[in-house]
Amino acid sequence: MSATIHQVIRFKASAKRIYEALLDAKQFSQFSGGAPAQIDPAVGGPFSCFGGMITGRNIELKPNARIVQAWRAGNWPDGVYSVVRFELTGEGAATTLTLDQSGFPEEQREHLDGGWHKMYWEPLQKHLG
(Lines give C-alpha, C1' and ligand atoms only; values in the text may rest on other atoms or scores of the structure.)
Protein backbone atom coordinates (compact mmCIF):
# COMPACT_ATOMS: atom_id res chain seq x y z
CA MET A 1 0.00 0.00 0.00
CA SER A 2 2.57 2.56 -1.10
CA ALA A 3 0.19 4.35 -3.46
CA THR A 4 0.09 8.16 -3.28
CA ILE A 5 -1.99 10.98 -4.74
CA HIS A 6 -0.75 14.57 -4.94
CA GLN A 7 -3.06 17.38 -6.04
CA VAL A 8 -2.74 21.17 -5.96
CA ILE A 9 -5.94 23.23 -6.19
CA ARG A 10 -6.39 27.01 -6.08
CA PHE A 11 -9.43 28.53 -4.44
CA LYS A 12 -10.67 32.12 -4.50
CA ALA A 13 -11.28 32.02 -0.76
CA SER A 14 -9.28 32.43 2.43
CA ALA A 15 -7.51 29.51 4.06
CA LYS A 16 -9.78 30.07 7.07
CA ARG A 17 -12.95 29.56 4.99
CA ILE A 18 -11.60 26.36 3.41
CA TYR A 19 -10.35 24.99 6.74
CA GLU A 20 -13.75 25.63 8.32
CA ALA A 21 -15.67 24.11 5.40
CA LEU A 22 -13.64 20.90 5.64
CA LEU A 23 -14.11 20.58 9.41
CA ASP A 24 -17.66 21.90 9.93
CA ALA A 25 -20.29 19.17 9.51
CA LYS A 26 -23.02 21.59 8.41
CA GLN A 27 -20.88 23.24 5.73
CA PHE A 28 -19.46 19.91 4.59
CA SER A 29 -22.96 18.53 4.18
CA GLN A 30 -24.02 21.65 2.24
CA PHE A 31 -21.19 21.55 -0.26
CA SER A 32 -21.37 17.76 -0.66
CA GLY A 33 -24.92 17.91 -1.96
CA GLY A 34 -26.70 17.44 1.36
CA ALA A 35 -25.11 14.08 2.20
CA PRO A 36 -25.00 13.57 5.98
CA ALA A 37 -21.72 14.51 7.68
CA GLN A 38 -20.58 14.28 11.29
CA ILE A 39 -17.26 15.92 12.10
CA ASP A 40 -15.64 16.44 15.48
CA PRO A 41 -13.19 19.29 14.69
CA ALA A 42 -10.65 18.30 17.37
CA VAL A 43 -7.42 16.32 17.25
CA GLY A 44 -8.46 12.70 17.67
CA GLY A 45 -12.04 13.56 16.74
CA PRO A 46 -13.91 11.15 14.46
CA PHE A 47 -15.57 12.13 11.21
CA SER A 48 -18.07 10.55 8.85
CA CYS A 49 -18.89 12.08 5.46
CA PHE A 50 -21.10 11.30 2.50
CA GLY A 51 -23.53 9.40 4.69
CA GLY A 52 -20.79 7.21 6.17
CA MET A 53 -19.05 6.35 2.90
CA ILE A 54 -15.89 8.05 4.23
CA THR A 55 -14.85 7.77 7.88
CA GLY A 56 -11.79 8.41 9.99
CA ARG A 57 -10.14 10.58 12.63
CA ASN A 58 -8.35 13.90 12.70
CA ILE A 59 -4.68 13.24 13.48
CA GLU A 60 -3.25 16.76 13.32
CA LEU A 61 -4.95 20.14 13.06
CA LYS A 62 -3.18 23.46 12.59
CA PRO A 63 -5.93 26.09 12.27
CA ASN A 64 -6.24 27.56 8.80
CA ALA A 65 -3.05 25.79 7.65
CA ARG A 66 -3.14 21.97 7.92
CA ILE A 67 -5.52 19.05 8.39
CA VAL A 68 -4.15 15.51 8.62
CA GLN A 69 -6.61 12.64 8.80
CA ALA A 70 -6.67 8.86 9.06
CA TRP A 71 -9.17 8.37 6.24
CA ARG A 72 -10.94 5.34 4.76
CA ALA A 73 -13.66 4.43 2.32
CA GLY A 74 -16.42 2.14 3.57
CA ASN A 75 -15.67 -0.56 1.00
CA TRP A 76 -12.01 -0.98 2.02
CA PRO A 77 -10.92 -4.02 4.04
CA ASP A 78 -11.33 -3.69 7.80
CA GLY A 79 -8.50 -1.81 9.46
CA VAL A 80 -7.21 -0.18 6.24
CA TYR A 81 -6.72 3.58 6.55
CA SER A 82 -4.88 6.03 4.35
CA VAL A 83 -3.33 9.28 5.55
CA VAL A 84 -4.79 12.42 3.98
CA ARG A 85 -2.97 15.72 4.38
CA PHE A 86 -4.53 19.05 3.39
CA GLU A 87 -1.98 21.92 3.41
CA LEU A 88 -3.47 25.42 3.03
CA THR A 89 -1.33 28.33 1.86
CA GLY A 90 -3.09 31.68 1.90
CA GLU A 91 -2.19 34.17 -0.80
CA GLY A 92 -4.24 37.32 -0.16
CA ALA A 93 -7.87 36.52 -1.01
CA ALA A 94 -6.88 33.17 -2.56
CA THR A 95 -5.56 29.91 -1.17
CA THR A 96 -3.58 27.03 -2.58
CA LEU A 97 -4.64 23.68 -1.15
CA THR A 98 -2.15 20.84 -1.50
CA LEU A 99 -3.58 17.37 -0.99
CA ASP A 100 -1.39 14.35 -0.34
CA GLN A 101 -2.99 10.96 0.24
CA SER A 102 -0.91 7.87 0.93
CA GLY A 103 -1.38 4.30 2.06
CA PHE A 104 -4.54 3.40 0.18
CA PRO A 105 -5.14 0.19 -1.79
CA GLU A 106 -3.37 0.61 -5.16
CA GLU A 107 -6.45 -0.52 -7.11
CA GLN A 108 -8.29 2.52 -5.69
CA ARG A 109 -5.89 5.12 -7.16
CA GLU A 110 -7.90 6.12 -10.24
CA HIS A 111 -11.21 6.22 -8.35
CA LEU A 112 -9.74 8.32 -5.52
CA ASP A 113 -7.82 10.67 -7.81
CA GLY A 114 -10.98 11.56 -9.73
CA GLY A 115 -13.15 11.43 -6.63
CA TRP A 116 -11.27 14.26 -4.91
CA HIS A 117 -12.13 16.55 -7.81
CA LYS A 118 -15.71 15.41 -8.25
CA MET A 119 -16.70 15.05 -4.59
CA TYR A 120 -14.51 17.67 -2.88
CA TRP A 121 -12.88 20.37 -5.05
CA GLU A 122 -15.59 21.11 -7.61
CA PRO A 123 -18.46 21.32 -5.08
CA LEU A 124 -16.25 23.21 -2.59
CA GLN A 125 -15.37 25.79 -5.27
CA LYS A 126 -19.12 26.35 -5.85
CA HIS A 127 -19.85 26.48 -2.11
CA LEU A 128 -17.18 29.12 -1.52
CA GLY A 129 -18.41 31.16 -4.49
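The largest pocket holds about 340 Å³ of space. Its lining comprises 14 residues, and those closest to the centre are I54, H111, L112, G115 and M119. These values were computed on a predicted model.

Two elements, β5 and α3 (109-128), each give at least two residues to the lining of the largest pocket. The largest share comes from α3, which supplies eight residues. By class, nine residues of this pocket lining are nonpolar, four are polar and one is charged.

Rolling a probe the size of a water molecule over the atoms shows where empty space is left. A cavity is a set of points where the probe fits but cannot get out. With a cut-off of 30 Å³ or more, the count comes to one cavity. The volume of the largest cavity is about 60 Å³.

Which residues line the largest cavity? The lining consists of L22, L23, F28, I39, F47, C49, I67, Q69, F86 and Y120. Three elements, α1 (15-23), β3 (46-49) and β5 (66-73), each contribute at least two residues to this lining. Nine of the cavity-lining residues are nonpolar and one is polar.

At least two of its residues line the largest pocket, and at least two line the largest cavity. The two linings can also be set side by side by class.

How values were computed
Residues numbered from 1 in each chain as written. Predicted model: local features only at pLDDT ≥ 70, side-chain atom pairs only at ≥ 80, totals over all residues. Heavy atoms only, no water. 1 Å grid on protein atoms, 1.4 Å probe; cavity = no way out; pocket = protein on both sides within 12 Å on 5 of 7 lines; lining within 4 Å. Points joined across faces, edges and corners; volume = space filled by probe spheres on them. Helix = DSSP H or I, 4+ residues; strand = E, 2+ residues; numbered from the N terminus. Nonpolar A, V, L, I, M, F, W, Y, C, P; charged D, E, K, R; others polar.
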